[in-house]
Amino acid sequence: MFPNLETARLILRELTQDDAEGVFNCFSHKEVTRYYGQEPFIDLQQAQSLVKLFSKNFAEKRGIRWGIERKKTKGIIGTIGYNAWSPSHRRAEIGYEIHPDYWRKGYTQEAVTEIVSYGFEHMGLTRIGAVVFIENEASNKLLTKVGFQKEGILRDYMYQNGQAHDTFVYSILKNR
């Protein structure tokens, strides 16, 4: 069963095909995808396929992705979750994006804090990693603020617009 989570202002819930338009609204923004390692979506079918992929990854215990919805407001403003989930090694990598209309309001920090706690307390994770473009100042600051530690640089690790980019690698550990 998919775990729905709640924070002071947010509901983190399973994505359905009804959310494809909200996913498209996020992933079609160049500002959102410029540090994502992919090009902006150009049609709704891409978002529908991504929602299917998130569902398949959860069913196969390879990832889990929540839709981020503000309480008392219908429709998602972004997504957050874990990919590269390895239950046997008790680790996963966090990923998230939020529509630019909701940047700098603390929503992403609230969602990250909640799923980190969920990962440690309910998924049995001992390590949560993150890979972030060096140029992505907002994400780099956010991860540090919530307790992630920078471990190093992965050189030419992600491609965006056909160009290789270095990334920082972060982690937060359960018992440290």
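The buried residues of helix H5 are Ser139, Asn140, Leu142 and Leu143; buried means under 20% relative accessible area, exposed over 50%, and partly exposed in between, with a 1.4 Å probe and protein chains only. Helices (H or I, at least four residues) and strands (E, at least two) are DSSP runs, numbered from the N terminus. Seen down the axis of H5, the buried residues fall within an arc of 165°, so they line one face of the helix; the arc is that of the directions from the helix axis to the C-beta atoms.

The model is predicted: local features need pLDDT of at least 70, side-chain atom pairs count only at pLDDT 80 or more, and totals for chains, interfaces and linings use all residues. Residues are numbered from 1 along each chain as its sequence is written, and side-chain values use heavy atoms, leaving out hydrogens and water.

What covers the buried residues of H5? The cover includes S5, H4, S6 and S8. On the face turned away from the buried side, H5 carries the exposed residues Glu137, Ala138, Lys141 and Lys145. Just after H5, Gly147 takes a positive phi of about 110°.

I turn now to the largest nonpolar core, which has 33 residues. A nonpolar core is a set of buried Ala, Val, Leu, Ile, Met, Phe, Trp, Tyr and Cys residues joined through side-chain atoms within 4.5 Å. Trp66, Tyr82 and Ile94 touch the most other members. Helix H4 gives the most to this core, with seven residues. Apart from this core lies another, of twelve residues, among them Leu15, Val23, Phe27 and Ala47.

How values were computed
Contact = heavy atoms within 4.5 Å.
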